Amino acid sequence: MGSDDMKAAAARAAMDHVENGMRLGIGTGSTAEKFVAFLAEAVGQGLEIIGVPTSERTARLCLEGGIRLESLDDVPELDLVIDGADEIDPALNLIKGGGGALLREKIVAHAAARMIVIADDSKCVEALGRFPLPVEINAFGAEATRRAIEAVARDHGASGEVALRTASRGEPLITDGGHLIADASFGHISDPQAVACALNAIPGVVEHGLFLSMASRAIFAGEAGVRELTVP
Ligand SMILES: O=C(CO)[C@H](O)[C@H](O)COP(=O)(O)O
């Protein structure tokens, strides 16, 4: 089974947790997009849900699929959010933001009673940090903020650099919220809570991609099939 099939298998399994009448947060990324396709199919067959998307791209795909959307301002409490992740540790702490949508993803996840993360097996790690940690930053003073993140990373044993993310033609990537993304290569984050606190203390940091104690269930798909993990 290729990675695309695994993502689709995890997304399909997540549909078992979607119930009629739910207010549903809908994630961003290639795995979440597979979920959107299954959700659109179910809506076409009569499922009624209200969706709150975590990015403009997801919103577009949902609308194309006939999924009813509302803004989080109109539906501020959600029953469930289903989203992908870049890394998932055994306690279901996550690194997210590889798709540049971490701010809206975190706001939506925080507004949801439950978060289910869907992924192929490659996202499963013993400790977070191999995937560079995305940090959404304000454009004002971006270099100063980048250096401040670099100092945090160094204090926490980072092995690599902190780089501003660029888009396809080399210009800085701008998020849906109008911010920049700095990717911090830690290599291994031994104390995610301490890193989260240190990043939150930097004024130019809008939000970071550590989602700690937010997911209550992970659905992984791999060669051996689909397995579900809940928080220990
Ligand atoms: O956090 C995200 C977007 O900001 C994505 O969920 C994460 O990057 C995983 O993406 P994919 O499913 O394409 O591997």
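How many residues does helix 2 have, and what distance does helix 2 reach from its first C-alpha to its last? Helix 2, residues 30-44, has 15 residues and reaches 21 Å, close to the 21 Å expected at 1.5 Å a residue; the expected span is 1.5 Å times one less than the number of residues.

The views below show a predicted model, in which local features need pLDDT of at least 70 and side-chain atom pairs count only at pLDDT 80 or more, while totals for chains, interfaces and linings use all residues. Residues are numbered from 1 along each chain as its sequence is written.

View 1. Helices (H or I, at least four residues) and strands (E, at least two) are DSSP runs numbered from the N terminus. Thr 31, Ala 32, Glu 33, Lys 34, Phe 35, Val 36 and Leu 39 of helix 2 are buried, a residue being buried if 20 or more other C-beta atoms lie within 10 Å of its own, exposed if 12 or fewer, and partly exposed in between, with C-beta atoms placed from the backbone. These buried residues pack against helix 1 (3-14), strand 1 (23-26), helix 3 (56-64), strand 3 (80-83) and strand 6 (115-120), where contact means that the C-beta atoms of two residues, placed from the backbone, lie within 7 Å. Just after helix 2, Gly 46 takes a positive phi of about 115°.

**View 2. The shell around the ligand.** Of the 18 residues around the ligand, Gly 29, Thr 31, Gly 84, Gly 98 and Gly 99 come nearest; a residue is near a molecule or strand if its C-beta atom, placed from the backbone, lies within 6 Å of it. Helix 2 and helix 4 (102-110) are the elements that give two or more residues to this shell, and helix 2 gives the most, with three residues. By class, the shell has four nonpolar, 10 polar and four charged residues, counting Ala, Val, Leu, Ile, Met, Phe, Trp, Tyr, Cys and Pro as nonpolar, Asp, Glu, Lys and Arg as charged, and the others, Gly among them, as polar.

View 3. Six strands form an open sheet in the order 2-1-3-6-12-13, with mixed pairing; two strands pair if DSSP finds at least two bridges between them. Strand 2 (50-53) and strand 13 (225-230) are the edge strands, each pairing on one side only. Strand 6 is largely enclosed by the rest of the structure, because six of its six residues are buried. Met 115, Val 117 and Ala 119 point one way from strand 6, whereas Ile 116, Ile 118 and Asp 120 point the other way. Strand 6 pairs in the parallel sense with strand 3 over three bridges, and also in the parallel sense with strand 12 (residues 217-222) over five bridges. Asp 83 stands opposite Val 117, and Ile 118 stands opposite Ile 219 in strand 12.

View 4. Four strands form an open, antiparallel sheet in the order 8-9-7-10. Its edge strands are strand 8 (162-164) and strand 10 (205-208). Strand 7 (residues 133-137) and strand 9 (residues 180-184) pair over five bridges, and Pro 134 stands opposite Asp 183 in strand 9. Helix 4 is mostly covered, with seven of its nine residues buried, among them Leu 102, Leu 103 and Val 108.
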